[in-house]
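Hi,

Here is the structure I said I'd pass on.

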Amino acid sequence: MSPYPETSVLLLPMVDKCITLLQTCGVSSLTKLKKVHAFSIRHGVSISDAEFGKHLIFYLVSLPSPPPMSYAHKVFSKIEKPINVFIWNTLIRGYAEIGDSVSAVSLYREMRVSGFVEPDTHTYPFLLKAVAKMADARLGETIHSVVIRSGFGSLIFAQNSLLHLYANCGDVSSAYKVFDKMPVKDLVAWNSVINGFAENGKPNEALKLYTEMDSKGIKPDGFTVVSLLSACAKIGALTLGRRVHVYMIKAGLTRKLHSSNVLLDFYSRCGRVEEAKTCFDEMVDKNSVSWTSLIVGLAVNGFGKEAIELFRDMESKEGLSPCEITFVGILYACSHCGMVEQGFEYFRRMREEYKIEPRIEHFGCMVDLLARAGQVKKAYEYIMKMPMQPNVVIWRTLLGACTVHGDSELAEFARIQILQLEPNHSGDYVLLSNMYASEQRWSDVQKIRRQMLRDGVRKVPGQSLVEVGNRVHEFLMGDMSHPQSDEIYGKLKEMTDRLRLEGYVPQISNVYVDVEEEEKENVLVYHSEKIAIAFMLISTPEKSPIRVVKNLRVCADCHWAIKLVSKVYNREIVVRDRSRFHHFKDGSCSCQDYW
């Protein structure tokens, strides 16, 4: 029995004393907090005391990650009448921060029906953070309406939380609507919507918004530059990315490891391998992410042997352990350089030396390794022996290899598997149609095309992006929408004529339609990357490099033509297609015609 009388007047000093002890311990240790809790109970503080419980829950939730949420919730459950909204908000915040969104939303709903307390201005930012992690746009819209009805819709922290929610759910149009209506926009708001655009396939919109932000004199921070570099990398906006780099140097952001890693990745994805190497060499601190970023960057840019050499340095000189992604880069390097035996050796080392259990991405690299080397039967056998079910990417890799190496029987089998996993993907229809066309099986081509019409599948048009004067220009096949179209097509004709003098003959075997040869040649001339290169030849200084970002795999005819353009016009041309980079210079390509 407690030595203290059970009267609130006499207990109050003990509650105060225990709260003071909690404040002394702060967030230093869970053990210390438990001792204070035990001390309070031994000295007569009721386990249902709301004031002591409020402070204990706050310090428990504020402990370093992960906070003991189950313990904090048990303390909460003993409080008879939790009428202080601070307690509810603290628990919702704790669940949101550890990513337990379901518990956060459940607690909010309990709060609404309990009758003890109403949500306040601090409830919704924590709750919306939890819903954002769930990526549940519909639930977010429901809470958004409650926020407005509660009169909190005009508060900037609620608006910022809504921005983050919609952006994280991929609903960037709703995010922008919230942003556009904000009378006062702080840096957090700008960052949220810029990052939302950058991460949801709208890099141009992200860059336009940054330009607007810059015109208003709002200075970016580390979060802004990371989003901007991501957007620049996606569309190959090298000039703007370099401006961001200059700002990072002035603001001292290059000293931050995460920002430096993103910068390194940006240059790699823009095909500027030498600048990526310079960033890497200038980094004071490097972690495994830094090494992995450069290894992957070298691999996708076609410098497989350099990627492997860097991996050896990472192992021997730095003593850093590679991760799963590092090996994806190494296997990718082997695949795109035709190093089959080395690829299998690295796969063995990954499992046996580093105890990294292969994921589907690693098996996909091995299938690609065999498929690109023309060993499609072995690639199929490898798929059938995998310890996990192959995904659609692996079957699509096999289908692509079958169309290149002319194995129609295996291609049809691969397509059946794809249709079961992901029907109505236009690329699969096109691959099979192209293979039939290459074999002059025009009736089968027509069947595929009729099936595409029945299924409502539309072929994705070829698209090429180039950057001139801080602006990204987009070209489609046969595109006449550009204001300089007359000049562009004049240059394209001149370019084609000069290439013919160098021995260029259009590879009409790459045109998979049953038309006359002259028509096939015209189709090849107007591929989007050729139009983009013609535009760059009239828009940039002589001998300056040209960079093209293409959404589809570059065809064999364009590959040959671009090699000759690099020689005839003395231009270095970098083309980033759907799967890799091609560095054209003096009539040759970094892929050594193996892509």
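By a nonpolar core I mean a set of buried Ala, Val, Leu, Ile, Met, Phe, Trp, Tyr and Cys residues joined through side-chain atoms within 4.5 Å, where buried means under 20% relative accessible area. Keep in mind that this is a predicted model.

The largest one has 152 residues, and Phe52, Tyr124 and Phe266 have the most contacts inside it. Helix H21 (residues 360-372) gives this core its largest share, eight residues. If you zoom in on tyrosine 124 and ignore its neighbours within four places in sequence, you'll find it in contact with Tyr108, Arg112, Pro119, Ile143, Val146, Val147, Ser150 and Phe152. There is also a second, separate core of 32 residues, with Ile531, Cys558, Ile562 and Phe584 among them.

Now the sheet. It is open, has six strands in the order E2-E1-E3-E4-E5-E6, and its pairing is mixed. Strands E2 (471-476) and E6 (588-589) are at the edges with a single partner strand each, so one side of each has no neighbour in the sheet. Helix H13 (residues 222-235) packs on the sheet and touches E1, E2, E3 and strand E4 (573-576); the helix direction makes about 100° with that of E4.

Going through some of the pairs:

- E1 (residues 463-468) and E3 (residues 546-550) are antiparallel, over two bridges. Leucine 465 has valine 549 in E3 as its bridge partner.
- E4 and E5 run antiparallel with four bridges joining them, and they make a hairpin with four residues between them. Here isoleucine 573 is bridged to phenylalanine 584 in E5; Phe584 is also one of the residues of the second core.
- E5 and E6 are antiparallel too, joined by two bridges. They form a hairpin with two residues between them, and aspartate 586 in the turn has a positive phi of about 50°. Lysine 585 has serine 588 in E6 as its bridge partner.

How much of E5 is buried? Four of the five residues of this strand (residues 581-585) are, so E5 is largely enclosed by the rest of the structure.

Last, the annotation. In the model, residues 186-220 are 74% helix and 0% strand, with the end C-alpha atoms 11 Å apart. For residues 256-290 the span is 74% helix and 0% strand, and the end C-alpha atoms lie 12 Å apart.

Cheers

How values were computed. Residues are numbered from 1 along each chain as its sequence is written. This is a predicted model: local features need pLDDT of at least 70, side-chain atom pairs count only at pLDDT 80 or more; totals for chains, interfaces and linings use all residues. Side-chain values use heavy atoms; hydrogens and water are left out. Two strands pair if DSSP finds at least two bridges between them. Contact means heavy atoms within 4.5 Å. Axes are lines fitted to C-alpha atoms, for helices over the stretch in contact, and angles run from 0 to 180 degrees between N-to-C directions. Buried means under 20% relative accessible area, exposed over 50%, partly exposed in between (1.4 Å probe, protein chains only).
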